[in-house]
Amino acid sequence: VLFNLANDDIINDLFEKESVDIVFHAAAYKHVPLVEINPFQGLMNNIFTTRSICLAARNTQLKQVVMISTDKAVRPTSLMGVSKRIAELVVQGFADESLNAVGEKSSTIFSMVRFGNVLDSSGSVVPLFRNQISRGGPITLTHENVVRYFMSIQEASQLVLQSAVLAKGGDVFLLDMGEPVKIKDLAINMVFLSGKTVKSEDNPEGEIEIIDI
């Protein structure tokens, strides 16, 4: 079903019509530079759609809501991170209300899962680098010293489902992302795995150049 998640009535109707039990709330603008240059829309979407989903879940007495958050919500340095941190606080507020509910009020379990970048997902650098390599380069980096934490799509999905089983209400689950990876090292490895060589000062005859933009 395709609709505006900020529309409270549509969400309520959908949850009731489809007899929804659990919501995994992954709808958000996650691209840091795009949210940075579109702050109003980014904040509105990430914060108020979260409120609408939580409100509809409470009103229709869903069993559980799991919000997919990000490690960028921890001491945020970008507007995207700020928006996700505020969204977490919205979920936490509904969780506190639900835990303290009495009588006929909702007892919906609200929880959050934080993790970093998912390899080969929509918006990941992996498909971007793959396309740049297939075109003969160059591979473009924001900065050669940027580091990111990564996990596979399968790992992320399984851990989110496990967190849903463990949640009691108001939980923030932090997934162990392992060691950080330099984006430049990832790009170099992808070039080698594609059977090509990196063009650099040390290897001017290489096939794929890696540049900062």
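Student: Which residues of helix α5 are buried?

Tutor: Buried means under 20% relative accessible area, exposed means over 50%, and partly exposed lies in between, using a 1.4 Å probe and protein chains only. In helix α5 (residues 125–134), the buried residues are Val126, Phe129, Gln132 and Ile133. Seen down the axis of α5, they fall within an arc of 130°, so they line one face of the helix; the arc is that of the directions from the helix axis to the C-beta atoms. This is a predicted model, where local features need pLDDT of at least 70 and side-chain atom pairs count only at pLDDT 80 or more, while totals for chains, interfaces and linings use all residues. Residues are numbered from 1 along each chain as its sequence is written, and side-chain values use heavy atoms, with hydrogens and water left out.

Student: How are the helices and strands named, and what covers the buried residues of α5?

Tutor: Helices (H or I, at least four residues) and strands (E, at least two) are DSSP runs, numbered from the N terminus. The cover over the buried residues of α5 includes β5 (139–141), α7 (183–193) and β11 (208–212).

Student: How do α5 and α7 pack?

Tutor: Two packed helices are described by the angle between their axes and the distance between the axes. Axes are lines fitted to C-alpha atoms, for helices over the stretch in contact, and angles run from 0 to 180 degrees between N-to-C directions. For α5 and α7, the angle is about 45° and the axes are 10 Å apart. That makes α5 oblique to α7; angles under 35 degrees count as roughly parallel, over 145 as roughly antiparallel, 65 to 115 as roughly perpendicular, and the rest as oblique.

Student: Which residues of α5 and α7 meet?

Tutor: Contact means heavy atoms within 4.5 Å. From α5 come Val125, Val126, Phe129, Arg130 and Ile133, and they meet Ile183, Leu186, Ala187, Met190 and Val191 of α7. By class, this contact of α5 with α7 has nine nonpolar residues, no polar ones and one charged. Ala, Val, Leu, Ile, Met, Phe, Trp, Tyr, Cys and Pro count as nonpolar, Asp, Glu, Lys and Arg as charged, and the others, Gly among them, as polar.

Student: What is the arrangement of α1 and α3?

Tutor: The axes of α1 (residues 8–17) and α3 (residues 39–59) come within 9 Å and cross at roughly 45°. α1 and α3 are therefore oblique to each other. Asp8, Ile11, Asn12 and Phe15 of α1 make the contact with α3 residues including Arg51, Ser52 and Ile53. Serine 52 counts as buried because its relative accessibility is 3%, and among its contacts beyond four places in sequence are Leu5 and Ala6.

Student: Which peptide bond is cis?

Tutor: Look at the bond from glycine 137 to proline 138, where omega is near 0°. Proline 138 sits in the loop between α5 and β5.
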